[in-house]
Amino acid sequence: MKRNTLYCILLFSIGINAQITVDDSSYTTQQLIEDILIGSKCANTTNWNSGTGSTTNSALNGIGYFNKNGSDFPFAEGVIISTGSAIEAPGPNNTNRSDGALSTGIWGGDSDLSTITNTSSLSNASFIEFDFTPKASSVSFNFIFASEEYLLDYPCNFSDVFAFILTDENGLSKNLAIIPNTNTPIKVTSIRPDIYDPTNTSVIKCNAVNSEYFNGYNPVNSSIDFNGQTTIFNASAEVIPNKTYHIKLVIADSGDGEFDSAVFIEAGSFKSSVNLGDDRLITTNNPVCTDLTLEATTPSAIGYKWYRDGIELTAENNPILVTNISGNYGVEVDMGAGCVFQDDVEVEFVKPPLFTTNLPVDIFKCEIDGDNSEVFDFTDNTALMLGTLDSNTYHFSYFTKEIDATNNENPILNTSAYVSGSKKIYARMWVNATCFEIASFNLEIVNPGIVNSLDPNYNLCLDATGNAIFPLVLDIAMDTTLFNFQWYTGKEAIAGQEIIGATQATISVTNLGDFTLKATNKTYGCEFVSTTNISGVSPPTKASVRMISELFIEKNKIEVLVEGISTYEYRLDDGTYQNETIFSDVKAGEHIVYIRDIFQCTEIERQITIVDFPKYFTPNGDPYNDRWSLKGLESLNNYIVSIYDRYGKLLFQFDKNNTDGWDGIYNGKNLPEDDYWFKINYTDDKGFSKIYSNHFSLKR
């Protein structure tokens, strides 16, 4: 057995609505068929038969007549066929019916149902069947399927089955109880919402299937005692008038006898009638654009009446009506003996989709990457061909082959970004499958000339106040005889952001920000857009040079200190520029450090003096090295230089008031070649007193 436990639905303290009533004993099978299902004089039926549980257990009868009894059930009355007891079908929905279980008696299945639904292990089958001879070309009836199987996670795997089996004179059968436009039988597993795991209601155990046909779970106060039901279905089939057919309406449990199901068939809905076809409406994309022929030809008919919008067309009494006027058309086909077939159809006429002046134009794309393939957009051609026509009525499809356009096969799917080389395209303007027109246009890839792009970034030289030192010239370097140009502010070529008068390949810029150029090929209209950002290059806001080595060493080091938003480089005296801020092996004396940005917009200078002493001097009367002094003394504070012989005798002193230095003379006499000593007293930049001493040579 598929389930071992019955689940009870609790009856909560809520109001109980009206429920249907069921009578399973007052009607014979013939009466249920002729008086309830058919209820008219337009069908001849014979060989009425039925089968249900009452054949093995008199307490169970799955077939009966039902009446809505003032409830909200969709059908006023009709026939119920159930896998359980029909008289237990009325609400409230407070039990899970399993009338054909072992405890109450299981009866047999049905081989016809098993064969046509390809389902085995059937039991508790109920059916009615009969022969009928239609007078018209179609037969139909309305029904609702309901089941106790709509419970917990049962719809994922379990479902009772039913079928309406139509068999012609040649013994060919088909099931009419199928989901519209499919061959799928209607049952719980084929019509369900999302089903959640009973042990974890946040987890979907199986996804919805054809949920648009599920009318919902029934509450406790339902008009019927079934857990859920479908929407109303119409079972229909084309038949040949005056031929005999057999119909069998049958339902059965599948797998076991638990959890009953039932099918409710609307009274009077089993009809054999004339069929004028589907409505022809704009909203369903099948209006009519030429004369429409409506045909109600029915064998043995004795008269026809046609109506438009409820008014009889008294001049029309033939089985065929040709019209080109919108409206609701109805027909009455008099078959005699009180049998009248009726049908109606809503028709809307529109103008045929004819290409006249609004023909599509060739679309040009300019080749720029050498692959002979570009992205094409058909949107403008669609708008051109549509013109003033209503886009809700007239539609467009595009194809690469004319035969495909004619047959409406293999359309181009992405018409706004179609990647292609040069080729012919066929446009199909259509109202419906038979009302269309075809026109063609070409996709052409052409050579637009040399196309360049702006650099992503450019730099504008600014002075210390943030103003441009000189304009920056942007040049796209494209042929002005082939292209038109328009410059914009911002990152896109947007209307309203054009720079007035900026229609050349070059532009002079004195502002920072984003700029965009659109170049349009004069012949083909191809557009090329390029965007750049203008950044500012400013001089340093602060700049200085300092010693970073001790005084009086041969390998002096200096460092450049810079503050600013740009990137800078540095040069010492007549040297070359470098990125590093430190210079090594700087000789004593005055120096100039040059500072500029890497884009060479501006250059500034800073001076520095390196203090050091010569290691010798030659006071021999020539104009070179005749006096000894320290280099860069002027950069020191409060200095006094004292010179001594090797025995510590003071020979000479000088300071900022006497900067000529020593000439090698003491008391009017030239001193001999020898090493002499000096001592310098000075104050450093922080105000501390410093003393430094060393020696030098006098050479003659």
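This is a predicted model: local features need pLDDT of at least 70, side-chain atom pairs count only at pLDDT 80 or more; totals for chains, interfaces and linings use all residues.
Residues are numbered from 1 along each chain as its sequence is written, and side-chain values use heavy atoms, without hydrogens and water. Local features need pLDDT of at least 70 and side-chain atom pairs pLDDT 80 or more, whereas totals for chains, interfaces and linings use all residues.

**View 1. An open sheet of three antiparallel strands, in the order E37-E39-E40.** Strands are DSSP runs (E, at least two residues) numbered from the N terminus, and two of them pair if DSSP finds at least two bridges between them. Strands E37 (568–572) and E40 (603–610) are at the edges with a single partner strand each, so one side of each has no neighbour in the sheet.

**View 2. The antiparallel pairing of E39 (residues 589–597) with E40.** Eight bridges join the two strands. Arg596 stands opposite Glu603 in E40.

**View 3. The largest pocket, with a volume of about 680 Å³.** A pocket is an open set of points on a 1 Å grid over the protein atoms alone, where a 1.4 Å probe fits, with protein on both sides within 12 Å along at least five of seven lines; lining residues have an atom within 4 Å of a point. The volume is the space filled by probe spheres set on the points, which are joined across faces, edges and corners. Of the 23 lining residues, Met547, Ser549, Leu551, Asp684 and Asp685 are the closest to the centre. E40 contributes the most to this lining, with four residues.

**View 4. The second largest pocket, with about 330 Å³ of space.** Its lining has 14 residues; Asn234, Ser236, Asn275, Asp278 and Asp343 lie nearest the centre.
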